Amino acid sequence: MGTAIRTEGLTKVYGRLRALDDLDLEVPEGVVFGYLGPNGSGKSTTIRMLVGLLRPTAGRATVLGHDVVDDRLAVQSLVGYLPGDFTAPPRLTGSEYLRYLTGLRRTHAMPEAELLAKRLGLDLDRRIGELSHGNRQKVGLVQAFMHHPPVLVLDEPTSGLDPLVQREFLAMVREARDAGTTVLLSSHVLSEVEAVADVVAILREGCLVAVESTEDLRHRARRHVDLTFADSPPATELAAVPGVQAVTVLGHTASVLVEGSMRELWQAAAPHGIEDVTSHEADLEEIFLTYYSGEGQP
Ligand SMILES: Nc1ncnc2c1ncn2[C@@H]1O[C@H](COP(=O)(O)OP(=O)(O)OP(=O)(O)O)[C@@H](O)[C@H]1O
């Protein structure tokens, strides 16, 4: 499998601010790549350089082998792009706008555009200026997906979408991936990226903090488990279990913070007669916070 997006030392400096600092990234073809970071961490700056809208201060980037500066038009024809601040001519209807784009791109994507609009619950006969933020975002999604580009670059795609539409959007991303499309999507909402991404990169203050498969992240994620025993919890024994980072006892319940596999914890606890278990599912939120606080060991 080839590389869809590659950056080498990609850097953007605004005055004294290093909005993006020496980014080396490799996105394999055919994966959904989650690009995570809080507001201002440099996600949009990266993305705008990847689609040839912003010139790097240093370093380079390629999309399917094409340099984003030297070969900008080729890159733009290969990428379906949803900007973070998607806008479209307010006087046009959705349909008029999308038809205009199909002409510009010399594609015959209108039937697909209509299908996508229907899936997202978007009325293409209304003027874009009269649409709500979420509905305008749907127009942005349709124009990115409709011509089946080999690479999709989506900057905060679910912004303003209600949960049902978000779910439809995630289905669209999975279908695109299954058809071989590479999808880079940025977000500061971890749950949506976790649900769909194969690989996640975490950006903090312009620097790449980690790149991991979503599966590895989840395995490494810490979980809180509350174990209720018939008698006093065997706190010392539980604390000695590999992976257990903290144990606090309240009455007959031990709250255990554990990283990685639960197997040894169950083995240690089982002989003491467990009456009840609740476990907070692992998600990326905690690991994300661990990276932010600087304690994380990538
Ligand atoms: N044209 C500009 N001039 C000066 N500084 C800029 C410019 N564009 C972006 N920045 C700064 O660069 C940093 C990175 O911004 P960027 O928009 O890439 O972040 P982001 O991760 O996409 O955040 P968000 O989630 O809020 O969109 C921020 O500190 C921002 O203020």
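Figure 1. Helix α4, residues 110–120, has Ala-113, Leu-116, Ala-117 and Leu-120 buried (buried: 20 or more other C-beta atoms within 10 Å of the residue's own; exposed: 12 or fewer; partly exposed: in between; C-beta atoms placed from the backbone). Viewed down the axis of α4, these buried residues fall within an arc of 105 degrees, so they line one face of the helix; the arc is that of the directions from the helix axis to the C-beta atoms. Pro-111 and Lys-118 are exposed, on the face turned away from the buried side of α4. The packing partners of the buried residues of α4 are α3 (94–105), α5 (133–145) and α6 (163–178), with contact taken as C-beta atoms, placed from the backbone, within 7 Å. Helices (H or I, at least four residues) and strands (E, at least two) are DSSP runs, numbered from the N terminus. Residues are numbered from 1 along each chain as its sequence is written. The model is predicted: local features need pLDDT of at least 70 and side-chain atom pairs count only at pLDDT 80 or more, while totals for chains, interfaces and linings use all residues.

**Figure 2. The shell around the ligand.** The ligand is surrounded by 13 residues, and the closest are Tyr-14, Ala-19, Asn-39, Ser-44 and Thr-45 (a residue counts as near if its C-beta atom, placed from the backbone, lies within 6 Å). Two or more residues of the shell come from each of β2 (17–28) and α1 (43–50). The most are given by α1, with three residues. By class, the shell has nine polar, three nonpolar and one charged residues. Ala, Val, Leu, Ile, Met, Phe, Trp, Tyr, Cys and Pro are classed as nonpolar, Asp, Glu, Lys and Arg as charged, and the others, Gly among them, as polar.

**Figure 3. The open sheet of four strands.** The strand order is β12-β13-β11-β14, with antiparallel pairing; two strands pair if DSSP finds at least two bridges between them. At the edges stand β12 (244–250) and β14 (274–280), each with a single partner strand, so one side of each has no neighbour in the sheet. From one strand to the next, the twist averages 20 degrees (axes are lines fitted to C-alpha atoms, for helices over the stretch in contact; angles run from 0 to 180 degrees between N-to-C directions). Strand β11 (residues 222–229) runs antiparallel to β14 and is joined to β14 by six bridges. Asp-226 has Thr-278 in β14 as its bridge partner.

Terms used: Contact = placed C-beta atoms within 7 Å.
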